[in-house]
Amino acid sequence: MCQLDEEVVRVEPMVTEPQVLRAGEPGDERGRSVASPAALVRTVSRSPTRIALARLRRDRVAMICAAICAAYVLIAIFAPLLARVEGQNPSELHQSLIDEFGFPTIGPTGEHWFGVEPRLGRDLFARWVYGARPSLIVAVAVTTITTIIGVVVGLVAGFSGGWVDRVLSWLIDLVLSLPYLLFAIASSAVLVAIFGGADGAGSEDVAQIRFISLICVLSFFGWASLARLVRGQVLSLREREFVAAAKVLGIPTRQVLFKELLPNLVAPIVVSVSLALPGYVVAEAGLTVLGAGLIEPTPSWGLTISAATTYYRADPLYLWLPVLGITILVLALSLLGDAVRDAFDPRTRR
């Protein structure tokens, strides 16, 4: 029982905060309240997660990056409203604003805030705000799927041991050893051919299939690294006293995994999630530029970058708008992830 109490103290550090004295208590000659030393302070139990969040709130860079990420989320959510405020939509063609060589005849105006797209004449502002949606949806969806699979596989492999651990570890090593880029390019084309691309499906149906296939491909290759991390942490935690006490008390294995072990893995999981989000934003744009990601008519920053490479000298704004959008979002997510990692690391003091 003493060992179990020591473990609780380790998990829930105790800090002291000054106690607020009530009016009418004894005071000194200056009128200040006086109480016994035991009454002047009170102990407050705070978990490592609460301490890390408090440290994160004091980090100005983290708060600025969080505000930028929130702004991108709002842009993606209210993209139809923003395009309606401008008076345009991402699919409408303005061929009258394009010359015979395919170049726009106007720049940014009151009707087209970022100008129009070369060759087709689509509004660039509407394409930009709608382009934030695929990047964020893919990043959030893939991060959620890979986190759930990676945590479950890592918990089971690390806690079970024996042949279960050997089989799951072999599967993790197999996924990590596969050439990610080659499989991503090949898998996307195969999935499109299987689920409707070879049957003459419409462009919107094919674009939807490519969107789902991109999420599947990134999820397949993304869970293994987190599973290996969680497995290593569980291997060190399963020999601790609180796990042994739970086994002695007859607590079911499922509760031991998700009630006893999982709360002690919050820090590495949060850090992994915060660093995975910017990686998947870049992966979506990169695969789209390579032709293995999203396709028309889906508005995408990667598609815009791929098409803008032909016109980057004649119309620099066409290229730099999506590039800046991806750069700012990835930089904000990366700095926020770095701040989260430092906040959850007890060895750092920011």
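Helices (H or I, at least four residues) and strands (E, at least two) are DSSP runs, numbered from the N terminus. The model is predicted: local features need pLDDT of at least 70, side-chain atom pairs count only at pLDDT 80 or more, and totals for chains, interfaces and linings use all residues. Residues are numbered from 1 along each chain as its sequence is written, and side-chain values use heavy atoms, with hydrogens and water left out.

**View 1. A52 in helix 3.**
Helix 3 covers residues 48–57, and A52 sits in this helix. Buried means under 20% relative accessible area, exposed over 50%, and partly exposed in between (1.4 Å probe, protein chains only). A52 has a relative accessible area of 1%, so A52 is buried. A contact means heavy atoms within 4.5 Å. Beyond its neighbours within four places in sequence, A52 is in contact with A343 and F344. V340 lies 288 residues from A52 along the chain, yet their C-alpha atoms are separated by 7.9 Å.

**View 2. T288 in helix 12.**
T288 belongs to helix 12, which runs over residues 266–289. T288 counts as buried because its relative accessibility is 3%. Residues up to four places away in sequence aside, T288 touches G293, L294, S300, G302 and L303. A polar contact is a pair of N or O atoms within 3.5 Å; within protein, one must be able to donate a hydrogen and the other to accept it, and residues adjacent in sequence count only if both atoms are side-chain atoms. Here, a polar atom of the T288 side chain lies 3.2 Å from the backbone nitrogen of L294.

**View 3. T298 in a loop.**
T298 is found in the loop between helix 12 and helix 13 (301–308). With a relative accessible area of 17%, T298 is buried. T298 touches R127, P134, A207 and L303, not counting residues up to four places away in sequence. L303 is also among the residues that T288 touches.

**View 4. A nonpolar surface patch.**
V73, L74, I77, F78, L81, V85 and W113 make a nonpolar surface patch of about 650 Å². Helix 4 (60–77) and helix 5 (79–86) are the elements that give two or more residues to this patch. Helix 4 gives the most, with 3 residues. V85 lies in helix 5. V85 counts as exposed because its relative accessibility is 57%. Patches are made of residues with over 30% relative accessible area and no salt bridge; like charges are joined within 9 Å, nonpolar side chains (Val, Leu, Ile, Met, Phe, Trp, Tyr) within 5 Å. A salt bridge is a side-chain nitrogen of Lys or Arg within 4 Å of a carboxyl oxygen of Asp or Glu. Accessible areas come from the Shrake-Rupley method with a 1.4 Å probe; for residues, only the protein chains shown count as cover.

**View 5. Confidence along the chain.**
pLDDT is the predictor's confidence in each residue, from 0 to 100. The protein averages a pLDDT of 80, and 83% of the residues score at least 70. Among the elements, helix 1 (residues 2–11) has the lowest mean pLDDT (41), and helix 4 the highest (92). Over residues 1–25, pLDDT stays under 50, and the model has 45 contacts there beyond four places in sequence. Residues 27–36 also stay under 50, with 13 such contacts. Where pLDDT is low, the predicted coordinates should not be read in detail.

**View 6. The whole protein, for context.**
The protein has 14 helices and 2 strands. Of its 350 residues, 39% count as buried.
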